[in-house]
Amino acid sequence: NYKNKILIVPPIIKSVKKEKRKKSNKIRIISVGRLVSYKGYKCLVDAANILPKNYIFNLIGDGPEKESLKKYIKNYKLNDRFFIHKNLNEIKKNDFLRNSDLFCFTSNTRAESFGISLLEAINYSLPVVVSDNKGSGMQDMIVDGFNGYNFKNNSPEDLKNKILKATKNKRRLSTFSKNSKKLFKKRFDNLKIKNKILEVYNSAN
């Protein structure tokens with residue numbers, strides 16, 4: 001009833017320049033977030049298990065699900081290509097983002113209201129594969145087929161397929177990378193957000 005009175009102002013983060021990633025014959029997948037159940041990281045581990053061995057996963061975060069996730073990874077014998085990193089400072093985290101090939105966001109409920117780490121990923125020009133979590137703000141940072149793909153919520157098989165689809169073609173991966181940065185600049189440019197805030201103050205006068 002009151003949509004005409006609502007203005008959504010996204011978080012402001014500093015734009016970074018696109019840099020060339022280190023060359024590697026491995027595909028480096030990254031995800032960042034608290035290790036809690038609604039983040040859907042077990043789905044990510046399940047997908048890793050059915051992907052080729054040159055797909056390396058780095059999960060940055062800490063939380064109550066850490067030990068159960070470590071056991072889950074160990075049960076699949078994925079310790080040599082699925083790594084959990086905790087207590088990383090911003091510099092180290094950003095270095096991982098800078099040198100990854102794809103960002104996965106697997107949150108599976110509307111408890112994920114936005115997703116700052118996903119915003120950081122497109123800022124670093126990362127192609128993304130994101131769960132089709134309806135009613136969540138995370139969809140603001142993906143246009144399916146433009147800068148990555150949506151996958152069926154809680155489906156490791158579809159997640160695997162979308163990761164392969166995004167990464168098998170280097171030209172497509174490069175295009176998605178450029179498009180992520182375009183999307184960031186279009187929707188989350190600092191000046192545009194600041195102007196939105198000014199609109200609120202000016203309309204109140």
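Helices (H or I, at least four residues) and strands (E, at least two) are DSSP runs, numbered from the N terminus. This is a predicted model, in which local features need pLDDT of at least 70 and side-chain atom pairs count only at pLDDT 80 or more, while totals for chains, interfaces and linings use all residues. Residues are numbered from 1 along each chain as its sequence is written, and side-chain values use heavy atoms, with hydrogens and water left out.

**Nonpolar core**

- A nonpolar core is a set of buried Ala, Val, Leu, Ile, Met, Phe, Trp, Tyr and Cys residues joined through side-chain atoms within 4.5 Å; buried means under 20% relative accessible area, exposed over 50%, and partly exposed in between (1.4 Å probe, protein chains only).
- The largest such core holds 27 residues, and those with the most contacts inside it are Ile29, Tyr55, Phe57, Phe82, Cys104, Leu159 and Ile163.
- At least two residues of this core come from each of strand S1, helix H1 (41-49), strand S2 (55-60), helix H2 (66-75), strand S4 (102-105), strand S6 (148-151) and helix H5 (156-167).
- Helix H1 gives the largest share of this core, six residues.
- In soluble globular proteins, nonpolar side chains tend to be buried together.

**Salt bridges**

- A salt bridge is a side-chain nitrogen of Lys or Arg within 4 Å of a carboxyl oxygen of Asp or Glu; by this rule the count comes to eight salt bridges.
- Side chains of opposite charge can pair when their charged atoms come close.
- Arg28 and Asp101 meet through their side chains in a salt bridge (3.1 Å, N to O).
- Arg28 lies in strand S1 and Asp101 in the loop between helix H3 (90-98) and S4, so this pair ties together parts that are 73 residues apart in sequence. Both Arg28 and Asp101 are buried.
- A salt bridge also joins the side chains of Arg98 and Asp95 (3.6 Å, N to O). Both residues lie in helix H3, three residues apart, about one turn of the helix.
- Arg98 is partly exposed, with a relative accessible area of 23%, and Asp95 is partly exposed at 36% relative accessibility.
- In helix H5, Lys160 and Glu157 are three residues apart, so about one helical turn separates them. Their side chains meet in a salt bridge (3.0 Å, N to O).
- Lys160 is buried, with a relative accessible area of 14%, whereas Glu157 is partly exposed, with a relative accessible area of 40%.

**Surface patches**

- Patches are made of residues with over 30% relative accessible area and no salt bridge: like charges are joined within 9 Å, and nonpolar side chains (Val, Leu, Ile, Met, Phe, Trp, Tyr) within 5 Å.
- Accessible areas come from the Shrake-Rupley method with a 1.4 Å probe; for residues, only the protein chains shown count as cover.
- Lys and Arg count as positive and Asp and Glu as negative, while His and the chain ends are not counted. The place of a charge is taken as NZ of Lys, CZ of Arg, CG of Asp or CD of Glu.
- A patch of positive charge on the surface gathers Lys18, Lys20, Lys23, Lys178 and Lys182.
- Lys20 belongs to the segment before strand S1 (27-32). Lys20 counts as exposed because its relative accessibility is 82%.
- Leu7, Val9 and Val200 make a nonpolar surface patch of about 200 Å².
- Val200 is placed in helix H7 and is partly exposed, with a relative accessible area of 39%.

**Positive phi angles**

- Most residues other than glycine have a negative phi, and most peptide bonds are trans.
- Ser125 has a phi near 60 degrees, a positive value in a residue other than glycine. Ser125 sits in the loop between helix H4 (116-123) and strand S5 (128-131) and counts as buried, at 0% relative accessibility.
- Asn154 has a phi near 65 degrees, likewise a positive value in a residue other than glycine. Asn154 is in the loop between S6 and H5 and counts as partly exposed, at 47% relative accessibility.

**Pairs of C-alpha atoms**

- Lys196 and Pro10 are 186 residues apart along the chain, and their C-alpha atoms are separated by 9.5 Å. Lys196 lies in helix H7 (residues 190-204) and is partly exposed, with a relative accessible area of 32%.
- Ala111 and Ser136 are 25 residues apart along the chain, with 8.0 Å between their C-alpha atoms. Ala111 is found in the loop between S4 and H4 and counts as partly exposed, at 47% relative accessibility.
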